[in-house]
Amino acid sequence: RRVRVGMAWGAIDLVCILVTVSMLVLETIPNLSEYFENPFEDGTWHKVAVYMIDVVVNLFFTIDLIIRFATYTDRNKYFIARPLNILDMLAVLPFYVEIIVFFTASGSPPPQFLALKVCRL
């Protein structure tokens with residue numbers, strides 16, 4: 001039973017990674033970049049749908065990181081020091097930084113913010 005759950009979790013993880021990479025690539029295409037800007041500004045369902053996909057994927061990655069931290073046997077010493085865990089933390093960080101920028105600034109992050117999003121890969 002645990003093997004099935006682990007395999008399903010791994011499959012969902014892979015799908016989320018593919019969705020993230022696809023969205024990052026689509027965001028760089030000039031004709032499609034407007035779907036990734038200010039999702040709630042004009043209320044079009046396309047922008048809201050793209051944003052909600054991003055939210056769901058990032059919540060999955062955050063939950064995955066929290067579960068791995070909570071179940072790590074020696075978390076006080078080594079969890080944060082492991083390179084892959086550091087990369088995973090850096091991968092979810094841009095999403096939360098973007099939310100902070102969205103609610104505290106003009107609503108759209110600067111173009112240089114795309115470089116921070118590459119950390120998700």
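These legends describe close-up views of a predicted model.

**View 1. Confidence along the protein chain.** The mean pLDDT of the protein chain is 79, and 81% of its residues reach 70 or more. Confidence is highest in helix 1 (residues 2–27), with a mean of 88. Helix 5 (residues 113–117) has the lowest confidence, with a mean of 60.

View 2. Valine 21 belongs to helix 1. Its relative accessibility is 33%, so valine 21 counts as partly exposed.

**View 3. An aromatic pair between helix 1 and helix 2.** The model has 3 aromatic pairs. In one of them, the ring centres of tryptophan 9 and phenylalanine 60 are 4.7 Å apart and the ring planes are at 40°, so this pair is tilted. Tryptophan 9 is in helix 1 and phenylalanine 60 is in helix 2 (residues 45–71); the pair links distant parts of the chain, 51 residues apart. Tryptophan 9 is partly exposed, because its relative accessibility is 31%. Phenylalanine 60 has a relative accessibility of 11%, so this residue counts as buried. Ring pairs also bring in Phe61, forming a cluster of Trp9, Phe60 and Phe61.

**View 4. The ring pair of phenylalanine 95 and tyrosine 96.** A pair of aromatic rings is described by the distance of the centres and the angle of the planes. For phenylalanine 95 and tyrosine 96, the centres are 5.0 Å apart and the planes are at 75°, so the pair is edge-to-face. Phenylalanine 95 is buried, because its relative accessibility is 3%. Tyrosine 96 has a relative accessible area of 30% and is therefore partly exposed.

**View 5. A salt-bridge network of Asp64, Arg68 and Asp88.** The model has 2 salt bridges, and a network of salt bridges links Asp64, Arg68 and Asp88. Aspartate 64 and arginine 68 meet through their side chains, with an N to O distance of 3.4 Å. These two residues are separated by about one helical turn, because they are 4 residues apart in helix 2. Aspartate 64 counts as buried, at 14% relative accessibility, whereas arginine 68 counts as partly exposed, at 26%. Arginine 68 also forms a salt bridge with aspartate 88, where the closest N and O atoms are 2.5 Å apart. Aspartate 88 lies in helix 4 (residues 83–104) and arginine 68 in helix 2, so this pair ties together parts that are 20 residues apart in sequence. Aspartate 88 is partly exposed, with a relative accessible area of 29%.

Notes
Residues are numbered from 1 along each chain as its sequence is written. This is a predicted model: local features need pLDDT of at least 70, side-chain atom pairs count only at pLDDT 80 or more; totals for chains, interfaces and linings use all residues. Side-chain values use heavy atoms; hydrogens and water are left out. pLDDT is the predictor's confidence in each residue, from 0 to 100. Buried means under 20% relative accessible area, exposed over 50%, partly exposed in between (1.4 Å probe, protein chains only). Rings of Phe, Tyr and Trp (its six-membered ring) pair if their centres lie within 6.5 Å; planes under 30 degrees apart count as stacked, over 60 as edge-to-face and the rest as tilted. A salt bridge is a side-chain nitrogen of Lys or Arg within 4 Å of a carboxyl oxygen of Asp or Glu.
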